Amino acid sequence: MKDKNSDEKLNNAVDKGGKAETKQEKKQEKKAQRMQKKAERKADRAADRQRIRDEKKADREAMFKIEDPIGFMRIINIVSVVLLIIALFLGVRYIINGVFLIKYNHGDYSPGSQEFLQLVNIPEGYLPYYNAGNAYYKLEDYDKAIDNYKAALESHPTEKKECDIRVNLALAMLHKIDFDNLNTEKQKANAVRTLQSARNILCEKGCADPYGTDGHDPEAEQLKQDIDKMLEELDAEPQPPEDSEEQQQNSGGGESEEKKKSKREKELEEKLDEQKQDAMEERQETQDKADQKQDMQGGQGGSEASGGSGSDFTGKTW
């Protein structure tokens, strides 16, 4: 009986050991399967990345692929020549301006080089007009100086340079006034109009303040104040520039009667003013003749011309 029981126990132990080994094998088998699946997924991801890289490379090669290399090189050569011409053109302009400045600083005010640059002013710029205006200003040819300064203003200068141009333009206009020979009312009226025009030019773009002293350019502000003194000596008051239609609409205020007048009415008023000035001039000439006759007879008299402070102005000319 003991032997039989021992055999049964031994058999049970063997069965348990076999079952344990079977479980262990199953675990190892499952682990191996998981590792295999993981390796397969990793290989798939690597293959996908490589495929994407290959596709991008193929796209780049297709993008930069030149089907006609000879034609492409011709285009490159043409572009290179154009860029070289532009560089030479800009270089020549720079050299011409440099030579002009050297001569200008040494008292040679010939505007010829700047007039040449105006003919080939590509891209359009204010500098050749500004330089030519300064040269003519120094040569005391104020009409041509004014024309060049106006052309410079139309060529979109920078804010600082625009104020410099406006100062020089106003100075050139003032030099055209003969302050020592304002003997008639018409001459005085013309002088007042020129002074007022020069003042308005300074006040545009805020270079000078038409109502106060808050202009952002000191030279323009100082010249405006000098013009105001000249107008005062001529018994005239400074007139601020008229507001544009857009400013009038934004202000919300009603228009004055003068601004509401038609163009025809203004033209008639201007003609009447001219007739009044002509009549005053005739009376003044008659009075001058009478005064001259009285002077010849030893009397004292005559009309004094209330001129301005003279035409010697200082300001920025470069």
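A disulfide, for today, is a pair of cysteine sulfur atoms within 2.5 Å. Hi everyone, that is where we start. This is a predicted model, where local features need pLDDT of at least 70, side-chain atom pairs count only at pLDDT 80 or more, and totals for chains, interfaces and linings use all residues. Residues are numbered from 1 along each chain as its sequence is written, and side-chain values use heavy atoms, with hydrogens and water left out.

So, which cysteines pair up? Searching the whole structure gives 1 disulfide, and Cys163 is joined to Cys207, with 2.2 Å from S to S. Cys163 sits in helix 6 (residues 159-175) and Cys207 in the loop between helix 7 (185-203) and helix 8 (218-233), so the bond ties together parts 44 residues apart in sequence. Helices here are DSSP runs of H or I, at least four residues, numbered from the N terminus. The S-S torsion is about -85 degrees, so this disulfide is left-handed.

What about Cys203? Its sulfur is 9.1 Å from the closest cysteine sulfur, in Cys207, which is too far for a bond. Cys203 is buried, at 8% relative accessible area; buried means under 20% (1.4 Å probe, protein chains only). Cys163 and Cys207 are buried too.

Now a helix pair. Helix 2 (residues 69-105) and helix 4 (residues 127-138) pack at about 20 degrees, axes 12 Å apart; the axes are lines fitted to C-alpha atoms over the stretch in contact, with angles from 0 to 180 degrees between N-to-C directions. The two helices are therefore roughly parallel, a label for angles under 35 degrees. Thanks, everyone!

Technical notes:
Parallel < 35°, antiparallel > 145°, perpendicular 65-115°, else oblique. Buried < 20%, exposed > 50% of the residue type's maximum accessible area, 1.4 Å probe, protein only.
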